[in-house]
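Here are my notes on the structure, point by point. Please read them with the model open.

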Amino acid sequence: MTTAAMFAKSLDKAGEALQAELQREVPRTLPDTVGFIAEMNRSGPWTPVAIRMAAAQPGGPCEHGYFTSFLADIQARLSAAAPLDAVFISSHGAALTTQEDDPDGILFECIRRIVGPDIPLVAVLDLHTNLSHRMTTALSAGVAYKTNPHTDLSECGQESAGHLRTMLAQGCGEVALVKLPFTPPATSQSVEPGKVYAELIAVGQTYLDDDILNVSMCAGFAFADCTKCGFGVMVTARAGQRAKAEKVAKKLAQQVWQSRSRFVSKLTSLSDAVLAAVATDSTGPALILADVGDNPGGGGGGNTTTLLKALIEANARSVLIALITDPALAQEAHHLGVGQDFVAQFNRHNSDLIALPYSGQAKVIALSNGHFAGRRGLLKGSAKEMGLSALLEIGEVRVVIISNRQQLTDPAQLDALDVDMKSVRILVAKSRGHYRTAFPEFAPANRMLDVDCPGLTSPNLKSLPWTKMPRPIFPIDDDVNFLI
């Protein structure tokens with residue numbers, strides 16, 4: 001469950017405090033908001049009114065009480081700021097609360113009700129958004145990321161500012177949505193040359209013209225396990241062009257459906273991954289092993305030790321594992337200090353059946369408060385923190401221990417502990433895909449392996465215990481029909 005304290009740890013600011021945050025050289029917001037503000041500043045005069053922004057690492061539904069309080073605060077601040085000319089929203093789009101499957105839809109609907117039907121309401125969304133008609137009905141334009149790993153957040157913010165300027169002059173746009181009974185595994189959603197998702201997104205862009213302003217192909221976030229899971233095709237058109245937007249959305253949805261069998265996850269077994277690591281020498285290309293089953297960016301704990309244990313037992317050399325979340329271990333390392341030897345006990349306070357305890361003789365190599373400024377991809381230009389962090393050495397394996405759960409997304413996370421990547425031959429990343437844009441120069445694409453290890457974010461969707469996922473849905477179910 002995601003609590004108010006978890007939001008406060010990452011970002012939760014409103015009004016003047018938020019306005020001051022946005023004016024920092026490296027704010028804590030994501031780059032889409034930075035890009036939006038930059039384009040609005042460039043394209044003409046405007047007066048920004050900061051309302052509220054909150055963010056937390058994926059980790060289960062947020063407390064419903066926090067959401068209702070957040071919503072009431074938004075409502076009060078918007079009403080007090082009225083009249084407004086337009087509204088910009090930065091949203092992941094796959095939020096849940098302990099009582100509600102569509103808090104994004106409720107939020108968008110609330111904003112629309114307050115500002116009225118003629119005010120442009122533009123949102124930037126992750127391409128993993130679980131879209132609902134409640135969300136898109138409230139919007140004047142929707143702009144989802146087109147990259148995965150995500151590198152175009154700033155550009156999406158800039159695009160949304162352009163749409164907002166257009167709609168201020170010409171009237172609100174119209175957003176059409178088609179949902180499919182299809183939830184592709186996260187590891188099959190790469191937008192790289194030759195990948196099916198890249199092809200579909202590219203096809204969508206061919207429909208842009210004077211009437212069609214944006215086409216977003218949103219694969220969704222299956223691990224939300226909620227009633228609005230499923231691939232969504234979202235098309236934004238100029239005012240009066242809803243019929244055209246709906247036609248484009250339906251045509252593209254059919255193309256997605258016809259391509260569904262090509263969304264296949266190619267996972268490397270644990271045994272093969274360990275063999276590849278042991279065989280990696282000092283002269284050939286380096287290797288990245290992605291622990292995709294324990295991806296904090298998808299809600300994983302970032303604390304499983306399966307790969308750590310297997311690589312140590314196999315005597316793999318020049319290994320760096322990043323990032324393992326274990327606040328107690330990080331705090332102990334800070335208490336001991338750099339250079340001290342001790343028995344590192346992983347998951348000593350954890351009782352689940354996935355993140356098992358593990359212990360090994362370790363040495364403290366480096367310590368940090370965990371502050372860093374992102375310089376690539378998803379976190380580029382954002383100030384973030386990992387909490388108390390430590391670099392430990394267990395034989396030939398080094399492990400980055402952090403306190404604030406997050407995936408390995410940016411080399412700056414390792415810079416915080418002065419990691420020398422030249423000494424690393426095998427990088428183990430607790431990540432689903434963002435490691436690919438974080439470390440493209442470290443290993444070639446064919447040496448980046450998604451490893452089939454246990455965890456809450458396993459891409460083997462058929463093996464997971466779904467409770468609220470709409471059924472039937474492909475590929476969890478085999479016999480699925482889709483008719484528009």
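1. Aromatic pairs. A search of the whole structure turns up 12 aromatic pairs. Rings of Phe, Tyr and Trp (its six-membered ring) pair if their centres lie within 6.5 Å; planes under 30 degrees apart count as stacked, over 60 as edge-to-face and the rest as tilted. Y66 and F70 are a stacked pair, because their ring centres are 6.2 Å apart and their planes meet at 25°. Y66 and F70 sit 4 residues apart in helix α4, which separates them by about one helical turn. Helices (H or I, at least four residues) and strands (E, at least two) are DSSP runs, numbered from the N terminus. Y66 is buried at 12% relative accessibility. F70 is buried too, with a relative accessible area of 12%. Buried means under 20% relative accessible area, exposed over 50%, partly exposed in between (1.4 Å probe, protein chains only).

2. Basis of the model. This is a predicted model: local features need pLDDT of at least 70, side-chain atom pairs count only at pLDDT 80 or more, and totals for chains, interfaces and linings use all residues. Residues are numbered from 1 along each chain as its sequence is written, and side-chain values use heavy atoms, with hydrogens and water left out.

3. F182 and F263 form an edge-to-face pair, 5.2 Å centre to centre with 75° between the planes. F182 is in the loop between β6 (174-179) and α8 (196-205), and F263 is in the loop between α9 (242-258) and β9 (268-269), so the pair ties together parts that are 81 residues apart in sequence. Both F182 and F263 are buried. Ring pairs also link F182, Y197, F231, F263 and F474 into a cluster.

4. R260 and its rings. The charged end of R260 sits over the ring of W257, 4.0 Å from its centre. The charged end of R260 also sits over the ring of F474, 5.5 Å from its centre. The criterion: NZ of Lys or CZ of Arg is within 6 Å of the ring centre and within 35 degrees of the ring normal.

5. Helix α2. Which residues of α2 are buried? In this helix (residues 15-22) they are G15, L18, E21 and L22. Seen down the axis of α2, the buried residues fall within an arc of 120°, so they line one face of the helix. The arc is taken over the directions from the helix axis to the C-beta atoms. The cover over these buried residues includes β1 (11-14), α3 (31-43), β2 (52-55) and α4 (64-81). Contact means heavy atoms within 4.5 Å.

6. The open sheet. Its 9 strands run in the order β9-β19-β10-β18-β11-β17-β16-β13-β12, with mixed pairing. The edge strands are β9 and β12 (341-346), each pairing on one side only. Two strands pair if DSSP finds at least two bridges between them. Strands β16 (residues 389-394) and β17 (residues 397-402) run antiparallel and are joined by 5 bridges. A390 has I401 in β17 as its bridge partner.

7. A helix across the sheet strands. Helix α12 (residues 327-336) lies across β11 (319-325), β12, β13 (358-368), β16 and β17. Helix α12 runs at about 170° to β12. Axes are lines fitted to C-alpha atoms, for helices over the stretch in contact, and angles run from 0 to 180 degrees between N-to-C directions.

8. T236. This residue is in strand β8 (residues 232-237). T236 is buried, with a relative accessible area of 0%. Not counting residues up to four places away in sequence, T236 touches residues including S140, M167, E174, D211 and N214.

9. Backbone points to check. A cis peptide bond joins N148 and P149, with omega about 10°. P149 is in the loop between β5 (141-144) and α7 (153-170). A cis peptide bond also joins A322 and L323, with omega about 0°, and L323 is in strand β11.

10. Positive phi. D225 has a positive phi of about 45° although it is not a glycine. D225 lies in the loop between β7 (212-218) and β8 and is buried, with a relative accessible area of 13%. N315, also not a glycine, has a positive phi near 60°. N315 lies in the loop between α11 (306-313) and β11. N315 is exposed, with a relative accessible area of 59%.
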